[in-house]
Amino acid sequence: MAPTEIVLVRHGETQSNLEQLLHGRTDVPLTPLGEWQAARVAQRVQEIGGASALYSSPLIRAHSTALRISQTIGLETILLADLMEYHFGDFEGFSLAEIQQAYPELFLRALDTSDTEFRFPNGESKHEFNVRVKSAFNQLVEEHSGERIVVVAHGGVIGSAVAQFTGGNPNDWAKYLVRNCSVTHLELNGDPVARLICWNDALHLDGEDALP
């Protein structure tokens with residue numbers, strides 16, 4: 001039976017990324033650099049080739065990145081709500097530094113990798129988030145068995161998916177950080193643990209630091 005491959009792309013840079021703000025569900029556009037990154041990663045996805053479907057989170061930063069890929073490889077973007085980022089609830093727009101200073105107990109719980117039921121007020125729990133992400137990817141794998149698909153999503157979603165498919169802890173966010181418009185490539189061949197073909201690959205972004 002042919003393996004199923006998932007090419008994971010994180011969206012391009014946003015102003016929230018530059019300011020290190022927790023904008024999970026908040027809709028923020030790409031910066032000019034983010035648009036450049038999206039064009040570069042689109043070329044990278046074209047070089048990988050062989051994709052049968054392109055999925056994206058509906059949030060504009062992911063959708064804009066997926067649009068560049070769509071225009072380059074000729075596949076229509078399918079929006080999937082369950083690919084949206086973790087919901088920080090009332091703390092959307094805060095930075096971790098602000099939370100640490102003003103709400104130290106909340107900060108410690110947020111970083112506790114064993115506290116699966118933690119949620120920011122009016123947000124979603126870590127457990128709910130991970131279940132949502134895994135269910136979304138299980139659905140994609142079932143619908144595209146033996147195919148290669150591209151998924152454009154968010155850092156938290158990609159980290160959760162990779163951790164869960166490779167036997168890691170999806171609550172250990174710091175261990176699974178990925179760059180904007182990096183490529184991560186998973187192969188699922190029926191084994192309990194997926195094969196990680198590449199992780200957080202950003203060679204296609206060489207020269208980014210020299211941009212004005």
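Buried here means under 20% relative accessible area, and everything below comes from a predicted model.

**View 1. Phe-120, tucked away.** With a relative accessibility of 1%, Phe-120 falls under the 20% cut-off, so this residue counts as buried.

**View 2. Phe-91 and Phe-120 bridge two loops.** The ring centres of Phe-91 and Phe-120 are 5.6 Å apart and the planes meet at 45°, so we call this pair tilted. Phe-91 sits in the loop between strand S3 (77-79) and helix H4 (96-102), while Phe-120 sits in the loop between helix H5 (104-111) and helix H6 (126-143). The pair therefore ties together parts that are 29 residues apart in sequence. Like Phe-120, Phe-91 is buried, at 6% relative accessible area.

**View 3. Phe-91 again, now with Phe-94.** A search of the whole structure turns up 11 aromatic pairs. In the one shown here, the rings of Phe-91 and Phe-94 have centres 4.7 Å apart and planes at 50°, so this pair is tilted too. Phe-94 is partly exposed, with a relative accessible area of 27%, whereas Phe-91 is buried at 6%.

**View 4. Zooming out to the ring cluster.** Ring pairs join Phe-91, Phe-94 and Phe-120 into a cluster with Tyr-86, Phe-88, Tyr-103, Phe-118, Phe-129 and Trp-173.

**View 5. Two lysines over rings.** Trp-173, one of the cluster members, has the charged end of Lys-126 sitting over its ring, 5.8 Å from the ring centre. In the other close-up, the charged end of Lys-134 sits over the ring of Phe-165, 4.9 Å from its centre.

Methods: Residues numbered from 1 in each chain as written. Predicted model: local features only at pLDDT ≥ 70, side-chain atom pairs only at ≥ 80, totals over all residues. Heavy atoms only, no water. Phe/Tyr/Trp six-rings, centres within 6.5 Å; stacked < 30°, edge-to-face > 60°. Buried < 20%, exposed > 50% of the residue type's maximum accessible area, 1.4 Å probe, protein only. Helix = DSSP H or I, 4+ residues; strand = E, 2+ residues; numbered from the N terminus. Lys NZ or Arg CZ within 6 Å of the ring centre and 35° of its normal.
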